[in-house]
Amino acid sequence: GQVNATGWAPYEGASDPREGIPIYYRVSYDGVTAWFWLPDISRPELYSQNYTMNVNYLGITVYSTDDINSTIIPQFEIEHVDASIVPVAIEVEDKEPSPQPLPNAKVVIEIPGADPITTTTAIWFDGRAYVVLPPYWRLPLRLPGAGDFAVYWYSAPMGYLPIPFNMSKFDYRIRIYWKPVWNIYYEEAEWIDVTWEENSTITIEGCPPLEVPYWKFTVLAEVYQAKIRIVDLCYRPLTIDDIRPEYYSSTALRLYWMRNGELVYVGDTSVDYGTIVLDKIPEGTYAVKLVWKGVELSPWEEVNATNTFTVPENVVRAITFVFPIGDLNITLTQWDDCDQVLAGLNATIEYYNEELNVLKYVEEWERSDCDGVVSFEKVPFVIPDGFNLTLKVYTWDTPYTRIPKDNNLLVWTGKIPTGIFEEFADCTVTWTRPVWIYSFELWAVDHAYEVLEDFETDI
C-alpha cells in the first residue's frame, strides 16, 4: 500500500464508518485511520507466524521487520516506523568566473540497485538553483528536463533520499545535462552531459547537523563563459547599432558545436556591441558563423587560421574573428559619359534571398556627394549563391532635374555583380555605375535646317 500525505499507510484503506465517506489523505480526529485487512496468522490454530513488513522508497528498502503480531491490539494495531529517509538539498552551479545558479538543467540521480531519477533544477526564493527532489507534485506546466514534473517545496528547497536499511550512509551519483540558454525550451535540441566527474558523487548519512534541518550539497557543472569579438576587415566592431531596428532579426551570431568531427547547430545569439559574452556554454569545440544583413558568412580565411574555438574552461580574453565585411563606394555617372559624375542622387541596396523569395534587408538611403560617390558601410563581401544585392538609384533635389516634377524618379535598378568584391584595398570596394541620365545638345532649326540662334521655349 502507498503512504498518504500525512504519513499513514495504506491511504487506500482509510474510510469513515459512520458515513462511508473515503478519507484518502488525512486521519480523522476520532482515530479513524488507514489500515490493512490482514488474517490473524499468529493464532496457534493457524500458522503461529508473525508478519514481515518492508517499507520501500524510490526502490530502496528503508525499513524492514519480521516481528509484527496482529493480535496485540484487539481492534487494530498502529505500527510506527522510523524509515531511513533523509532530507537533502542539492544546489547546482556552473563554473563561470563567478559561479552562477544553473536552473532548468536536466538531472539524472543514479541510485545503486534502483532505477535512476530524472528531474530538473529550479530557482528557490534565495535565488539559487536546486535539484527538484522527490516527493513531487505534478502541476500543469513543463520544465526542461523533467517532463511534466513541477516544483513544489514546502518550506525549504529540499526533498528526501533513502539510505538502505541497516546502512549508515549511501552514495548517489549526480549527472547534469545542459542545453545552451538560447535553446533551453527547444525540445529537439540535444542535451549535453556537463557532469564534472570530480564533483558528481554525494554521500548522505543519518540525521543532518543540528544547525541545518537537511543535508546540503553543491554540485558544479562544466558550464562556462566565453567571449567572442567580431570585427570587419577594418577591425571595426560589428554591432547591433549597425543594423536598422526593423531588421534586427536579419543579423545574429550562429554557433555550432563539434561532436564526433561534425558540426551540430546550437543556436543564434545577438551580436550585441561587438563583444559577445556567451554565458553558460558547455566545454568543447565550437564554430561560428555570422548572419549579417541576412547573409551567412564564415570568418575570413585569409585572416583567421580557423573558424573554431575551444572552451576547455572560461574564456576571459575575447577571441577575435574577422569577417569579410567592409565599405562599398559606388560612383554614379551619366549613362553616355562615365567621366560625368552625378551628385545629389539617392541610393539604397536591397538584400534578396532569391531561393526563399524574401527581402532580408534594406540599407538606409545614402546621397551621392560632389564626386558622385555614394557610400555604404559594413556590406558583406561574400555573396552566396541564391542571394543578390540590388542597387536602386532615384533622383531628388538636383540642379539637372525639374523640381519637384522630376523628384523620386528611378534612374537605375540592377544587381551588384559579385565580381567587384574579389579585390579590395584596405576594407573598401569601389565600383562605377552609369545610371539612366544623359546629356545631349538640342538645336532648333528652321525648314532649311538653319540653326535658330534666338528663339523662345517653355522648357
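Residues are numbered from 1 along each chain as its sequence is written, and side-chain values use heavy atoms, with hydrogens and water left out.

On confidence, pLDDT being the predictor's confidence in each residue, from 0 to 100, the mean for the protein is 82, and 79% of its residues reach 70 or more. Over residues 13-19 the pLDDT is below 50, and this stretch has 18 contacts in the model beyond near neighbours in sequence, a contact meaning heavy atoms within 4.5 Å. Residues 140-152 also have a pLDDT below 50, with 34 contacts beyond near neighbours in sequence. Where pLDDT is low, the predicted coordinates should not be read in detail.

As for the overall make-up, the protein has 0 helices and 31 strands, where helices (H or I, at least four residues) and strands (E, at least two) are DSSP runs numbered from the N terminus. Of its 459 residues, 43% count as buried, which here means under 20% relative accessible area, with exposed meaning over 50% and partly exposed in between (1.4 Å probe, protein chains only). Among contacts with a separation of 6 or more, 64% come from residues 24 or more positions apart.

Turning to the sheet, 3 strands form an open sheet in the order β28-β24-β31, with mixed pairing; two strands pair if DSSP finds at least two bridges between them. Because β28 (373-380) and β31 (428-434) each have a single partner strand, they stand at the edges, and one side of each is left without a neighbour in the sheet. From one strand to the next the twist averages 25 degrees, with axes taken as lines fitted to C-alpha atoms and angles running from 0 to 180 degrees between N-to-C directions. Strand β24 (residues 325-333) pairs with β28 in the antiparallel sense over 6 bridges, and Ile 330 stands opposite Val 374 in β28.

Elsewhere, strand β12 (residues 170-178) is antiparallel to β14, paired over 4 bridges, and Arg 173 has Thr 201 in β14 as its bridge partner.

Cys 234 lies in the loop between β16 (223-231) and β17 (252-259) and Cys 427 in the loop between β30 (410-415) and β31, so the pair ties together parts that are 193 residues apart in sequence. Cys 234 is partly exposed at 31% relative accessibility, whereas Cys 427 is buried at 4%. Cys 338, at 44%, counts as partly exposed, and Cys 370, at 71%, counts as exposed.

Finally, Arg 244 is found in the loop between β16 and β17. Its side chain makes a polar contact of 2.8 Å with that of Glu 246, a polar contact being a pair of N or O atoms within 3.5 Å, where within protein one must be able to donate a hydrogen and the other to accept it, and residues adjacent in sequence count only if both atoms are side-chain atoms. Leaving aside neighbours within four places in sequence, Arg 244 is in contact with Tyr 361, Val 362, Glu 363 and Glu 364.

Conventions. This is a predicted model: local features need pLDDT of at least 70, side-chain atom pairs count only at pLDDT 80 or more; totals for chains, interfaces and linings use all residues.
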